Amino acid sequence: MARAVAVVGVGQTHHGRRMDVSYPDLVREAVVRVFEDTGLSPKDVDGVVSGTMPSMMEGVALTHLYFAEAMQAVGKPILKTETCGSTGVSIAHTAFYWVASGMAEVVLAVGHEKMYEGDSQATMTTVLDPFYQRYFLAGAPGVFSMQSQLWATRYKIPQDKIRDAAAFISVTHHQSAFDNPYAHIKMKVTMEDVKNSRIIVYPIRLLDVCPNSDGACAVIFASEKVAKRLGRKVAWVKGVGYRGDEQFFGDSDKVVWQSAIEAAKQAYDQAGIKDPLKELDVAEVYNPFTYQEMIFYECFGFCEFGKAPDLVLRGIFSREGELPVCPSGGVLCTNPIGATGLIRVAEAAMQVTGRAGEHQVPGAKLALAHAMGGIDQFNGVMILGSEL
Amino acid sequence: MPRKVAIVSVAQIGGADSKENFYDQAYRVVKEALDKAGISREKVGCVVTAASDIFHGGISCANAYHWDPAGAVLRNGSRQDAESLFALVYGAMRIMSGHYDTALVVGLCKGSENPENDTCTLMFSDPFYFRPLGLNETMAAALQMRLFMDHYGITREQCAKVAVKNLRNALGNPYAHRKGIYSAEEILASRPVVEPLTELECAPKSEGMAALVLASEEMARKLTDRPVWIEGFGTSLDAYWIGDRDLLQGQLTNAAKRAYEMAGITAPWEQIHLAEITEPYAFQELLWYEQLGFCGPGQGGKLIDQGVTEKGGLLPVNPSGGTLAWNPYVSRGLHRAIEAFLQIREEAGERQVHREVKTALVHGTHGFAGQCHTVVILGS
């Protein structure tokens with residue numbers, strides 16, 4: 001019987017264009033907040049997991065070295081987990097296995113990004129191999145455009161229906177971000193605004209795309225013993241799953257997307273989830289692009305393949321719907337990449353412990369957190385629940 | 001009581017350069033390790049890789065590029081940055097958690113396609129204070145060496161003797177990149193790099209791919225007759241600013257203490273029979289002796305003078321030739337673990353030490369003047 005592990009507290013920075021702080025100070029802001037949230041102190045921490053995006057985006061290599069003090073990690077055992085965009089969830093997985101192994105009672109997980117000091121799309125281009133793909137798969141939007149077109153074509157979904165559903169998602173998330181004190185982009189948008197915004201890569205328009213953000217997130221994972229001693233509501237880790245596809249974009253199907261399907265399945269099996277749409281109360285899906293969010297709904301078993309736009313337009317995934325997705329406003333409104341996956345975990349934990357404030361889904365007991373990374377290559381999932 | 005974890009098979013390649021491309025090299029070691037363990041990649045519980053994004057290979061998100069040859073496609077997995085022994089520790093903890101019975105650990109570093117070591121280590125420096133100074137690992141090490149000599153009266157000859165020993169040991173290592181019979185005078189007469197360090201006292205830039213299959217006790221006994229147990233491990237991170245640190249009393253002591261406690265080691269000098277330690281700069285091997293508890297503070301020079309860390313000595317250190325002979329920056333920690341595995345199983349060929357090895361220490365480090373350390377104890 002594996003040891004139970006809980007998320008006992010979270011800390012986030014106010015995400016956005018943070019020219020008021022240096023990169024280490026940004027990290028420090030999140031770390032200070034997780035200690036305030038839990039009442040724990042750095043001396044209680046048995047291990048620290050650090051992670052972010054690659055050096056080219058950071059401007060500094062091996063950032064755990066530079067942020068040793070900011071993470072309160074001096075003299076602590078350390079691991080450095082990086083899996084591209086899925087880093088945030090992979091950090092959470094590392095902290096989970098560390099506590100589950102019995103080698104630590106309390107592990108601090110920290111993810112961060114200061115994207116206004118870097119060039120994210122130039123970095124994304126260097127994720128591709130230098131010989132074949134780099135010349136034509138530049139940056140993220142082109143890849144996501146191809147993926148969404150492939151999906152639409154395969155299931156013969158009318159372009160205007162997809163366009164409406166994607167715009168609906170954008171409006172919903174931008175509205176939700178007003179209820180999240182930490183969210184970056186807070187602007188009122190209408191369906192018409194989205195549909196008339198500037199084309200990035202057809203069919204993706206500006207308001208279908210996440211921003212660059214500065215931000216950090218810190219989450220403390222603890223054993224059952226510590227969780228119970230704290231005497232507060234905690235979020236229990238019910239399931240974890242992770243999968244990666246082949247490096248070459250054309251080698252795997254990105255619509256019936258095995259890494260997303262199998263990562264979710266592994267986590268569902270551990271959590272005993274059979275009908276995710278009914279059993280999950282909230283999902284923090286990694287959604288840098290509106291179109292892609294719908295592909296995730298299908299791969300995660302929220303609905304049949306090709307049907308997501310219908311359900312979206314019926315409001316199934318809206319705040320008052322059957323399965324609210326990203327009540328935080330999601331990645332679409334806040335994307336400090338190295339922190340983004342960990343923010344999904346933090347938001348899921350806030351929901352199942354009733355601490356999500358204005359964007360609380362009433363009575364949420366079971367939540368999914370997800371992150372995607374690489375050029376549509378990696379998917380990681382964590383399921384959190386209010387009950388052990 | 002956490003579950004016991006063993007290493008059941010290993011494979012590695014190395015050298016200075018190779019005509020083989022990254023994918024072929026990585027695939028070859030991964031396949032070899034799996035075949036030796038008699039397990040297919042579909043049966044492996046999870047995969048933990050180690051590779052670096054420090055502009056190594058010109059690719060960001062190294063895991064994206066190496067996922068296929070690492071045997072990780074559609075397997076649960078993760079990647080550690082910077083230090084490949086992190087991947088060994090993480091793989092072991094995944095098995096200890098009870099969620100997996102096996103883990104494939106892979107370290108990848110194609111040095112011949114990387115910039116110079118210090119072009120990369122310069123990027124460890126913060127953009128405001130250290131980088132304008134051009135601070136890199138070799139400069140930080142030179143400062144540390146000067147302090148070490150001044151504080152304890154360690155001589156340059158004693159530091160050079162580490163290179164003499166390790167480059168001679170490397171003659172038996174087919175993967176070693178730099179090897180030969182040198183005198184201390186010849187080491188000191190090699191090209192000055194950063195005063196007082198000379199070229200042969202600084203590790204070269206090499207290639208290295210390493211793969212290890214880890215298993216729970218029950219699974220290990222099915223896969224091999226001679227498992228090598230991971231008896232203890234510890235990591236520790238020091239402060240970033242080198243002026244804030246005592247460069248002679250670093251976090252290696254802490255990392256070792258954690259590993260020793262886990263492995264039940266109270267007298268390292270008596271209980272450890274062999275050590276494979278990461279010494280990118282010759283003098284650091286002496287300093288690490290002290291912080292590992294092999295001798296008292298300032299006594300590292302005497303240890304090398306007495307010859308006890310020679311291949312035929314009481315406590316052989318780096319019979320493989322160590323990092324001075326072969327330095328694939330990221331995977332080097334795992335190559336130390338593989339050497340210890342081979343020595344414990346008496347499969348080290350020409351490099352096999354004379355004494356019986358029941359317990360071996362493995363060490364990895366990265367960062368300015370040893371900012372971060374990992375210690376792993378392996379045993380029969």
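Which residue just after α15(A) takes a positive phi? Select Gly354(A), where phi is about 70 degrees.

This is a predicted model, in which local features need pLDDT of at least 70, side-chain atom pairs count only at pLDDT 80 or more, and totals for chains, interfaces and linings use all residues. Residues are numbered from 1 along each chain as its sequence is written, while chains are lettered from A and ligands numbered from 1 in the order in which they are written.

Next, select residues 337-352 of chain A, which form helix α15 (helices are DSSP runs of H or I with at least four residues, and strands runs of E with at least two, numbered from the N terminus). A kink of about 25 degrees is centred on Ile343(A), the bend being the angle between axes fitted to the seven residues ending there and the seven starting there. In α15(A), 16 of 16 residues are buried (20 or more other C-beta atoms within 10 Å of a residue's own, with C-beta atoms placed from the backbone).

Move to chain B and select helix α3 (residues 84-96) together with helix α14 (residues 332-344), which pack at an angle of about 60 degrees with their axes 5 Å apart (axes are lines fitted to C-alpha atoms over the stretch in contact, and angles run from 0 to 180 degrees between N-to-C directions). Here Ser84(B), Leu85(B) and Leu88(B) of α3(B) meet Gly333(B), Leu334(B) and Ala337(B) of α14(B).

Finally, show both chains: 51 residues of chain B are in contact with 53 residues of chain A (C-beta atoms, placed from the backbone, within 7 Å). On the chain B side, α3(B) gives the most, with six residues.

Definitions and conventions: Contact = placed C-beta atoms within 7 Å. Expected span 1.5 Å × (residues − 1). Buried ≥ 20, exposed ≤ 12 C-beta atoms within 10 Å, placed from the backbone.
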